[in-house]
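Subject: Handover of a structure and the findings

Dear colleague,

Please find below the structure that I am handing over to you.

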Amino acid sequence: MTMRRSLVPDIVNLQAFECAARHQNFSRAAEELNLTQSAVSRQIADLERQIGMKLFQRIRQRVVLSEAGQRLLPEVKELLIRSERLMIGAVARGHRSAALKIAALPTFGSKWLVPRLGDFLARFPDVAITMESRSSPFDLNEENFDLAFHFGQPVWAGGFVTFLCGEQVLPVASPSLAARLRGQVPVLPEQASLLHLTTRPKLWADWCEIHGVEVQNAYSGLRFDQFSMVSAAAQAGLGVALLPTYLIEEEMEAGLLVPIAALPMSTENAYYVVRPESRRTQAMADAFENWVLGQVGSRRP
């Protein structure tokens, strides 16, 4: 699509508009931007001519946004933030030979991926990596990501999906609670409060059905929207949690979480690496994907 140059705004004019809107005063905006008041007024006037609408109204000693200005301001703020990030990223990359922008699921990224990242950087020290959290599919090209991690089914619009690993969950608790419950399965007593992930409300019910475990109410108990909070609640002795084994490796090794029974359950979903279909031949993304698949190792079926 051809860009209409007459509609491309001057970033300096957008900065003047955002600053004046924040201060509700052209003089204060001029002080912050190290400009004269007339320069700020001129930049905003240029933007108003380009848009064809007034962005401010004068009320006594201050200026307030017009209706058009109120509609425009949030998008201008977002554009300025993205522009700043673009420049910071370019400066951060410096003279490095390659760059990767990766989207990772929050808990998967912090508990599994980041602790292993040093190995990749040791092999490829000249790559600049930016990693951001994403919990659901998005447009890889629009946000300019080279690679993403996805949990669920192998479906992502505009993405080429590669299987990474399946998932097994295990019932775990704090050492003191696990000691009280051990040997009581296949019946979980009422005092064994269940800890739930809000996005997987049937997890405990499925586990009880598969293993023939009796429980008064498989849907009762505390609910959290992140695995990290479920894990923290279990470590605090608030109840029993069903957690993916590879996300609690450190906690189990340190004895912070203990299985109440050796009864894992494989879930129906899995983890995948996703690449933009339009950029499937990027060399550094290929190297990172191959490295990740190698890190999974024996977990691959």
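Which residues point one way from β5, and which the other way? L147, F149 and F151 point one way, while A148, H150 and G152 point the other way, and all are buried. Here, buried means under 20% relative accessible area, exposed means over 50%, and partly exposed lies in between, with a 1.4 Å probe and protein chains only. In a regular strand the side chains alternate between the two faces of the sheet.

Before going further, please note that this is a predicted model, in which local features need pLDDT of at least 70 and side-chain atom pairs count only at pLDDT 80 or more, whereas totals for chains, interfaces and linings use all residues. Residues are numbered from 1 along each chain as its sequence is written, and side-chain values use heavy atoms, with hydrogens and water left out.

**Strands**

Strand β5 covers residues 147-152 and is mostly covered, with six of its six residues buried. Strands and helices are DSSP runs numbered from the N terminus: a helix is H or I with at least four residues, and a strand is E with at least two. Two strands pair if DSSP finds at least two bridges between them.

Strand β3 (residues 98-104) runs parallel to β5, and two bridges join them. F151 has Y271 in β11 as its bridge partner.

Strand β3 is also mostly covered, as five of its seven residues are buried. Seven bridges join β3 to strand β4 (residues 127-133), and these strands run parallel. A99 stands opposite A128 in β4.

**Cysteines**

How many disulfides does the structure hold? The structure holds zero disulfides, a disulfide being a pair of cysteine sulfur atoms within 2.5 Å. A disulfide is a covalent bond between the sulfur atoms of two cysteines. C19 counts as buried because its relative accessibility is 1%. C165 also counts as buried, because its relative accessibility is 4%.

**The cavity**

Rolling a probe the size of a water molecule over the atoms shows where empty space is left. A cavity is a set of points, on a 1 Å grid over the protein atoms alone, where a 1.4 Å probe fits but cannot get out; lining residues have an atom within 4 Å of a point. Grid points are joined across faces, edges and corners, and a volume is the space filled by probe spheres set on the points.

By this rule there is one cavity of 30 Å³ or more. The largest cavity holds about 40 Å³ of space. Its lining consists of L195, H196, L197, R200, L203, W204, V230 and L242. Strand β7 (194-197) and helix α7 (203-211) each supply at least two residues of this lining, and the largest share, three residues, comes from β7.

By class, the lining has six nonpolar, one polar and one charged residues. In this scheme Ala, Val, Leu, Ile, Met, Phe, Trp, Tyr, Cys and Pro count as nonpolar, Asp, Glu, Lys and Arg as charged, and the others, Gly among them, as polar.

R200, one of the lining residues, lies in the loop between β7 and α7. R200 counts as buried because its relative accessible area is 15%. Leaving aside neighbours within four places in sequence, R200 is in contact (heavy atoms within 4.5 Å) with F151, E167, F227 and T267.

**Further residues**

I44 lies in helix α3 (residues 37-51) and is buried, with a relative accessible area of 2%. Apart from neighbours within four places in sequence, I44 is in contact with A16, F17, A20, F26 and F56. The C-alpha atoms of I44 and K54 are separated by 9.3 Å, and these residues are 10 residues apart along the chain.

S66 is placed in the loop between β2 (62-65) and α4 (67-93). Is S66 buried or exposed? S66 counts as buried, because its relative accessibility is 7%. Not counting residues up to four places away in sequence, S66 touches K54, L55, F56 and Q57.

S135 is found in the loop between β4 and β5. At 56% relative accessibility, S135 counts as exposed. S135 touches L105 and P106, not counting residues up to four places away in sequence.

Yours sincerely

Conventions. 1 Å grid on protein atoms, 1.4 Å probe; cavity = no way out; pocket = protein on both sides within 12 Å on 5 of 7 lines; lining within 4 Å.
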